Amino acid sequence: MLRVAVVGSGPSGCYTAQTLVQLDPEVWVDVLDRLPCPYGLVRYGVAPDHEKIKSLQGNLRTVLEHDRVRFLGGVRVGGPGGLSVARLRSLYHAVVYCVGAATDRHLGIPGEELPGSWSATEFVSWYSAHPDAVDAGFVRGVRSAVVIGVGNVAVDVTRMLVRGAGELRPTDMPQAALDTLGASGVAEVHMVGRRGPSQARFTTKELRELGGLPDTEVSLDPDELALDPAYADSSALPAVPRRNVEALRGWAAAPPRQAARRIRLRFFLRPVELLADSGGRVGAVRFERTAPDGRGGITGTGRYEDVAAQLVLRSVGYRGVPLEGLPFDAATGTVPHAEGRVLRDGVASPGEYVAGWIKRGPTGVIGTNRPCAKETATSLIADAPALVRREVPENPLEALRAAGVEPVPWAGWQAIERAEAELGARLGRSVVKLADWDALLGAARSA
């Protein structure tokens, strides 16, 4: 009987477990997660007002409730106080690491560490109730915000900054974040890209949502749009950029209107410095005007513009981090592999595998994890005859407990779900997420 540990319960981990049990009728899979809650970025990264995407949790639930799949939350692998990679490897015939890309990219410019400058990841974690997040006073005293980046995460945080309390109340957002955002004085958000509109990374559906926000105007600078050759004639663009350009054209042609809040979409501006106000916090962002270089890239023009902002959120991509005990390619932020098999000094390491962003980098959408997981699972099953020759504990859970780890079982997660539903009922809302470790673990122990 093949026993496999999958580290990470987000989409890549769940799709890996699903493929394994489909390919081998005798494999048993333990899905381990550092958090007591499953689903990874589907729970803690998808915007709370995107109910359709969040409904994917139902599909992942089906995987984790399979007879030969077991969820074990609260299990830290690697790092201080965590189970070592070597120890975990000794408990299972194979281990698949689906640990994602756990940090964000930095801008690398002066002033980036000023108070009021944050990654979009930190902001998302706060309003998504991640237990590691802190209330950093993101929007306190903020009138104008700058979001650096033009991908879907940038669109998400821009939208959340201008949403009203009435619009957010039906979501599962934690009550403290709802109260804070509902009372926010943010009146203007600049979402800024260093290249042109035809090269933006957002999808059209997410982009168009900005135009449907109540009492909010979307504005663009026609001169910036005109710098992009593909804006004037988008016929040669792929479908998504072409539809994006069409949406932007519609907003650019619309007459200005009176609204309480405004979203300004800016292009061909590259951040070069965050400027402090008199109190030592972020007060403005200095941008350099860029222009197409004729080779698909951009070049600086030596002209600068300062945009006032009391909050700056950078959304310029994610990056994988090393896991102690695993090889790591610092240049790509991934674990070296061949068809999902972890490579140590260029040679496949028996029983060690990767899937998801830590395998291929932070690319694609949620569905991209399916073929990625399938490739890794197929490699593992092909290796299974050699892997099962090694003796492992019949019940790894007992060995985990002997090592001082007390996992949160599926029943513990179900107790958390019940507690969140009860909290929502008390607040006159639907489900409301528990936002700290003590509350989550207390609910889990009630099972």
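1. Start at β14: R314 in this strand is the bridge partner of I148. Strand β7 (residues 144-148) is parallel to β14, and 4 bridges hold the pairing. For the record, strands here are DSSP runs of E, at least two residues, numbered from the N terminus, and two strands pair if DSSP finds at least two bridges between them.

2. A word on what you're looking at: this is a predicted model, where local features need pLDDT of at least 70 and side-chain atom pairs count only at pLDDT 80 or more, while totals for chains, interfaces and linings use all residues. Residues are numbered from 1 along each chain as its sequence is written, and side-chain values use heavy atoms, with hydrogens and water left out.

3. Strand β6 (residues 117-119) also runs parallel to β14, with 3 bridges between them. Here W118 sits opposite L313 of β14.

4. Now the faces of β14 (residues 311-314). In a regular strand the side chains alternate between the two faces of the sheet. L311 and L313 lie on one side, V312 and R314 on the other, and all are buried, so both faces are covered. Buried means under 20% relative accessible area, exposed over 50%, partly exposed in between (1.4 Å probe, protein chains only).

5. On the cysteines: a disulfide is a pair of cysteine sulfur atoms within 2.5 Å, and the count is 0. The closest cysteine sulfur to that of C14 belongs to C98, 9.1 Å away, which is too far for a bond. C372 is in no disulfide either, as its nearest cysteine sulfur, also that of C98, is 7.9 Å away.
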